Amino acid sequence: MDLATQIADMIEKDGSWGAHAHNYMTQRLAAAQNYVRKAQEILDAGKFSKTAVDPLK
């Protein structure tokens, strides 16, 4: 499981959705967005396909 998904799952499992810790939740979501953004930059720089490829074809 990737780190961005782990952060989102952690917030969801908390149950409060940040109602009592708005700043913390905002920081964690920003971190998740940064991980996703960086992953996309890596893919874009390598000219990787953005679509799934069936390895059996």
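**Figure 1. Overview of the predicted model.** Helices, of at least four residues, and strands, of at least two, are DSSP runs numbered from the N terminus. In this predicted model, the chain holds two helices and zero strands. Of its 57 residues, 12% count as buried. The accessible surface of the chain comes to about 5,000 Å², and carbon and sulfur atoms account for 59% of that area.

**Figure 2. Helix H1 and its buried face.** Helix H1 covers residues 3–14. Its twelve residues should span 16 Å at 1.5 Å a residue, and the end C-alpha atoms are 17 Å apart, which agrees. Ala 4, Ile 7 and Ile 11 are the buried residues of H1. Seen down the helix axis, these buried residues fall within an arc of 65°, so they line one face of H1. An α-helix has 3.6 residues a turn, so residues three or four places apart point the same way. The buried residues of H1 pack against H2.

**Figure 3. Helix H2 and its buried residues.** Helix H2 covers residues 22–45. H2 has 24 residues, and the distance from its first C-alpha to its last is 34 Å, close to the 34 Å expected at 1.5 Å a residue. Met 25, Ala 31 and Ala 32 are the buried residues of H2. What covers them includes H1.

**Figure 4. The largest nonpolar core.** Six residues form this core: Ala 4, Ile 7, Ile 11, Met 25, Ala 31 and Ala 32. Helix H1 and helix H2 are the elements that give two or more residues to the core. In soluble globular proteins, nonpolar side chains tend to be buried together. When neighbours within four places in sequence are left aside, Ala 4 is in contact with Ala 32, Tyr 35 and Val 36.

Figure 5. Asn 34 lies in helix H2. The side chain of Asn 34 makes a polar contact with the side chain of Arg 37, at 2.5 Å. Asn 34 and Ala 4 are 30 residues apart in sequence, while their C-alpha atoms are 8.5 Å apart in space.

Key
Residues are numbered from 1 along each chain as its sequence is written. This is a predicted model: local features need pLDDT of at least 70, side-chain atom pairs count only at pLDDT 80 or more; totals for chains, interfaces and linings use all residues. Side-chain values use heavy atoms; hydrogens and water are left out. Buried means under 20% relative accessible area, exposed over 50%, partly exposed in between (1.4 Å probe, protein chains only). Accessible areas come from the Shrake-Rupley method with a 1.4 Å probe; for residues, only the protein chains shown count as cover. A nonpolar core is a set of buried Ala, Val, Leu, Ile, Met, Phe, Trp, Tyr and Cys residues joined through side-chain atoms within 4.5 Å. Contact means heavy atoms within 4.5 Å. The expected span of a helix is 1.5 Å times one less than its number of residues. A polar contact is a pair of N or O atoms within 3.5 Å; within protein, one must be able to donate a hydrogen and the other to accept it, and residues adjacent in sequence count only if both atoms are side-chain atoms. The arc is that of the directions from the helix axis to the C-beta atoms.
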